[in-house]
Amino acid sequence: MEPTSHDFVARARKGLGEDGLQEALARFRTGFSAKRAEAAARLPEFEALRDEAVEIKAHTIDHLDFYLEHFANKVEESGGEVHWCVTPQEARQTVLDICCAANAKTVTKSKSMIGEEIALNPFLEENGIEPVETDLGEYIVQLAGEYPSHIIAPAIHKTKDQVSDLFFERHKEHGATKRLEEVDELVDEARAMLRQRFIAADVGITGANFLVAETGTTAIVTNEGNGDLTQILPRVHIVLATLEKAIPTLEDMSTILRLLARSATGQEFSAYTTLSTGPRRSSDLDGPEQFHVILLDNGRSNILNSEFREALHCIKCGACMNHCPVYGSIGGHAYGWVYPGPIGAVLTPHLVGLEEAHHLPNASTFCGRCEAVCPMRIPLPGLMRRWREREFEARLQLPRHRQSLALWSWFARRPALYRMMSGLARALLSVLGGRKGYIYSLPFGRSWTATRDMPAPEGGSFHSQWRRR
Amino acid sequence: MNTGDGRARIMGALRQGLGRGELSAERKVELKARLDSPKTNLVPARGNKSQDARITLFVEMAKAVQASVTRVPGVTDVPGAVTDYLAENNLPSDIVMAPDENLDAYPWAERPLLNIRRDKASDADQVSVTTAEMGFSETGTLMLTSGATRPSTLNFLPENHIVILRAGQITGGYEEGWRHLRERGDGDFMPRTVNLITGPSRTGDIEQTIQLGAHGPRRLHIIIVED
């Protein structure tokens, strides 16, 4: 997909002014995070599991060549095919070739962020193959002509009313006559619309949460059952995965599985964890006749030899965005590419270039919640800070940002003046903050406070606190 | 596609990224040994209890994710438990059942009103009956595997899925399942599909309101047969 991350500032501002989005985000901000906290509290071993998961993943990444080769050999032994693709172009061409060889007309898809990364849907459409998204959230964004705004909840930016309007408009041609108001009716209608698509599909495409080296197994974690209907009904099953999804054994996968759903949605376990190994066996009554795994690099091997290697530990649970105050205010579309939120701010500059994505690492208050909840303990604020340094070195910032920093450093080198000016500013802000301690309208910063409240300083300056120690 | 070339290019890029060449033969042997005898990592203490307590926990966890559970004293009670469930939920007595030999242990003929087809599922089927390979008390999860007599479509196409599980098949954590699969098969022990199923199908994609029956079964009913 074409990134629009360079336009982040304008898109974020637009998001802040969209009523529907703000209504959806108000619900989002408390939903997943509260459930995650409850799920973590219910499992006494949760923190210890995180430590173990980090170790397992670091070990895997250190030996990624070995584990991927073992995985690929096992897939081939079980009758599947592995396609090694360096670029998105290679990956989508491979998918197309497999579809053409199978004379495919329609393809069902279960949610895959790699599918978004390689812009698979428009490519298949251009080549006369109809891709049908089957995850409800993905189905909604596909009908709306949009793209996902969250990696596990693609339509989180939409309200129920918007979905009602959308279904009413788009399901008319399929015989729907009524604008449905309730969630259960909407889900039922989508189920009915998609059922025949599942049955008619020639090829099913899923993503992968894990590639198990021990057995050559791919695993997906879902709740709706669409990922299963996508892979057991059509003749051909294609799995899209990037290299870092490898995991040594089923036991190692189990450790991370215990963290995944709890971190993502606060569920104890997702409804369906499905392990797929090769095509159907000769005596099986159902299942796909062909099994293809597309292993995509698309920049992952470059991340390995950078100071951002830990970003490859990501298991795509979405916890960082669920807990990010910036994501929670502007929504995922502002980030302008596949991965929004803190992990997006770290991955996107790698995958689409710093010039395109240099705003994203600045979209953080460094409050640290993302790192605190990341099951893989990825130091997201630290990694964003490194991008900010690179952005500064590459002189990509807006001139006024550089000028402000230059002004600040001019004062900082004149301590007496700095203390006097900062003391004055602090006193003024405290007065403005009044009893509530929040400033609702900042002189010279009205556009800043239009969508935020500024906390007034309290407890003296850093210098004065430091002196007292 | 130039698959062989892609593999070589990616391996080269990975090794460059890792700052080393191919692993030494010794290191490969060590890593292979790690794969050949997988180590059990930390398993939550939750599932580590007496068999009775495990079953209780399994039932509690399964119900917490909106599965329904019935416990019956013996094999002869199973067909009755199925007909009762169908009656309670106003479901037809036409059922599609896995050709699984383990299901032959139950006296279906005693319930002549049940119209049983032994096959994979088709779109018209409303109720399926299968066994499970195991139940994990940790999260109320069932493990089902595909095979010549166990088609996976039964687990997903019909709106109602009834699973018959022996009490002795209920264990603690998922690791017991992997051990069981390794012991059951030899060499390449993985069946085409292993389904870990925890409650019926659901979605929260509209305003995070949980709705059951997104694409898979709306109802999951588990019948536990005491050994």
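Me: In E10(A), which residue does A:His237 stand opposite?
Reply: This is a predicted model. Strand E7 (residues 236-242) of chain A and E10(A) run parallel and are joined by seven bridges. In that pairing, A:His237 stands opposite A:Phe291.

Me: What is the bridge partner of A:Glu81 in E10(A)?
Reply: Strand E1 (residues 81-85) of chain A also runs parallel to E10(A), with five bridges between them. For A:Glu81, the partner in E10(A) is A:His292.

Me: How many residues of strand E10 of chain A are buried?
Reply: Buried here needs 20 or more other C-beta atoms within 10 Å. Strand E10 spans residues 290-296 and is mostly covered. Of its seven residues, the buried ones number six.

Me: How far apart are the C-alpha centres of domain 2 and domain 3 of chain A?
Reply: Domain 2 of chain A covers 43-300, and domain 3 covers 415-468. Their C-alpha centres are separated by 49 Å.

Me: Why are the buried residues of H4(B) on the same side?
Reply: The buried residues in helix H4 (residues 78-88) of chain B are B:Val78, B:Val82 and B:Leu86. They share a side because the arc they cover around the axis is only 75°.

Me: Which exposed residues does the face of H4(B) turned away from its buried side carry?
Reply: On the buried side, the cover includes strands E1 (68-72), E4 (127-131), E7 (160-166) and E12 (219-225) of chain B. The face turned away carries the exposed B:Ala87 and B:Glu88.

Me: Just after H4(B), which residue takes a positive phi?
Reply: The phi there is about 55°. The residue is B:Asn90.

Conventions:
Residues numbered from 1 in each chain as written. Chains lettered and ligands numbered in written order. Predicted model: local features only at pLDDT ≥ 70, side-chain atom pairs only at ≥ 80, totals over all residues. Buried ≥ 20, exposed ≤ 12 C-beta atoms within 10 Å, placed from the backbone. Helix = DSSP H or I, 4+ residues; strand = E, 2+ residues; numbered from the N terminus. Arc of directions from axis to C-beta. Contact = placed C-beta atoms within 7 Å. Domains from an automatic or database assignment. Pairing = 2+ DSSP bridges.
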